[in-house]
Amino acid sequence: MPEATTPRFRSVLDRFAAYQPGKAVVSPEGRSYKLSSNESPHGPLPSVLEAIAEAARDVNRYPDNSAAALTEAISAEYGVPASHVALGCGSVGVTQMLLSAVAEPGAEVLYAWRSFEAYPLLVALSGATGVQVPLRDETHDLEAMADAITEHTRLILVCNPNNPTGTVVGRARLEAFLDRVPDDCLVVLDEAYREYVQDPDVPDGLELYGDRPNLAVLRTFSKAYGLAGLRIGFLVAHPEVAGAIRKTFLPFCVNSVAQAAGIASLAAAGELAERVEGTVKERERVHNALAADGWTLPPSEGNFVWLRLGERTLEFSEACNARGVSVRPFAGEGARVSIGSAEENEAFLAVARALPYRN
């Protein structure tokens, strides 16, 4: 018999590790505070829970593949035509759909680094070449990104607020950048954390895309809406772009329970806004407490803060783990700390205060 061999896989799989989600840890005393995944500390609102329970009765049936009711609800909530909306399995799923629509061998996808850690994985799997432009002062260097555009650039990802640094780019710089992008190159404004933005200089992408056919806006129900476990993301763009993205939709990947929860969440937008306001107040409290204790960190417009720690990043993360507080370390760079409940945030601040060093 011939010598046994293993199945052949794509060579790209040998060049990177799979996405690693934030983890939970437990202290020796049994405490556990998960601040590693930028999740909402709040469970679904009662009206949303009722919608989830009702939808669960019909999970023996396939969901509406077009998610028509949720699409119409998004259209009404954000004041955009339904034909401009494309849905997917979380904003990560929509990003993968985008890459399926525009990326191929020889194409380039441009993004800042460090930014959302899934970008390089998704780009590599798409067959395109990723082009990373370093941050400047923890913020997108849009001028350098514009300089990096070539005839091969198909897609540009701009995460605003940026994950994991929380920094933002203002209207003037963003519009100047968009003016430099060729019309046949798609720019995706990833606004996963838009609801937490307080800086009035930061534009709402939905107010920018109308006269820019090559601009798409990415949103999610995972963060402010607190539906991370149900995986709903959506894109808003001109119908030519949204239509192309919908062609790459994996059938039925936005399930019926998720669709019902999304509709109910949009109907409860006022209550959810109150929760967001509470998270923003906690974000400012944590930021100010860290700064008062001698830590250096940029202002954040997300539901997290960023500590540039360099070679001490893993040491910092291990010290947090030992106290039952999980943060998101990026070895050799820094740690992202989600804003949780007041109790969770106090547990983190206690660890940070107890450390014998500052960044």
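How close do the axes of helix H2 and helix H9 come, and at what angle do they cross? Hello everyone, let's start there. The axes of H2, residues 68-78, and H9, residues 256-267, come within 9 Å and cross at roughly 20°. Axes here are lines fitted to C-alpha atoms, for helices over the stretch in contact, with angles running from 0 to 180 degrees between N-to-C directions. Helices are DSSP runs of H or I with at least four residues, strands are E runs of at least two, and both are numbered from the N terminus. That angle makes H2 roughly parallel to H9; the label covers angles under 35 degrees, with over 145 roughly antiparallel, 65 to 115 roughly perpendicular and the rest oblique.

A quick word on the source: this is a predicted model, where local features need pLDDT of at least 70, side-chain atom pairs count only at pLDDT 80 or more, and totals for chains, interfaces and linings use all residues. Residues are numbered from 1 along each chain as its sequence is written, and side-chain values use heavy atoms, leaving out hydrogens and water.

Back to our pair. On the H2 side, Ala-69, Leu-70, Ala-73, Ile-74, Glu-77 and Tyr-78 meet Gln-259, Gly-262, Ile-263 and Leu-266 of H9, contact being heavy atoms within 4.5 Å. By class, that contact holds seven nonpolar, two polar and one charged residues. Nonpolar means Ala, Val, Leu, Ile, Met, Phe, Trp, Tyr, Cys and Pro; charged means Asp, Glu, Lys and Arg; the others, Gly among them, are polar.

H9 has another partner, H1. The axes of H1 and H9 come within 8 Å and cross at roughly 155°, so the two are roughly antiparallel. From H1, Ser-47, Val-48, Ala-51, Ile-52, Ala-55 and Ala-56 meet Ser-256, Val-257, Ala-260, Ala-261, Ala-264 and Ser-265 in H9. This contact has nine nonpolar, three polar and no charged residues.

Now the core. Ile-74, which we met in H2, is among the residues touching the most other members of the largest nonpolar core, which has 80 residues. Such a core is a set of buried Ala, Val, Leu, Ile, Met, Phe, Trp, Tyr and Cys residues joined through side-chain atoms within 4.5 Å. Buried is under 20% relative accessible area, exposed over 50%, partly exposed in between, with a 1.4 Å probe and protein chains only. Apart from it lies another core of 24 residues, including Leu-35 and Phe-316.

Finally, Ser-36 sits in the loop between strand E1 (33-34) and H1 (46-56). Ser-36 is buried, at 0% relative accessible area.
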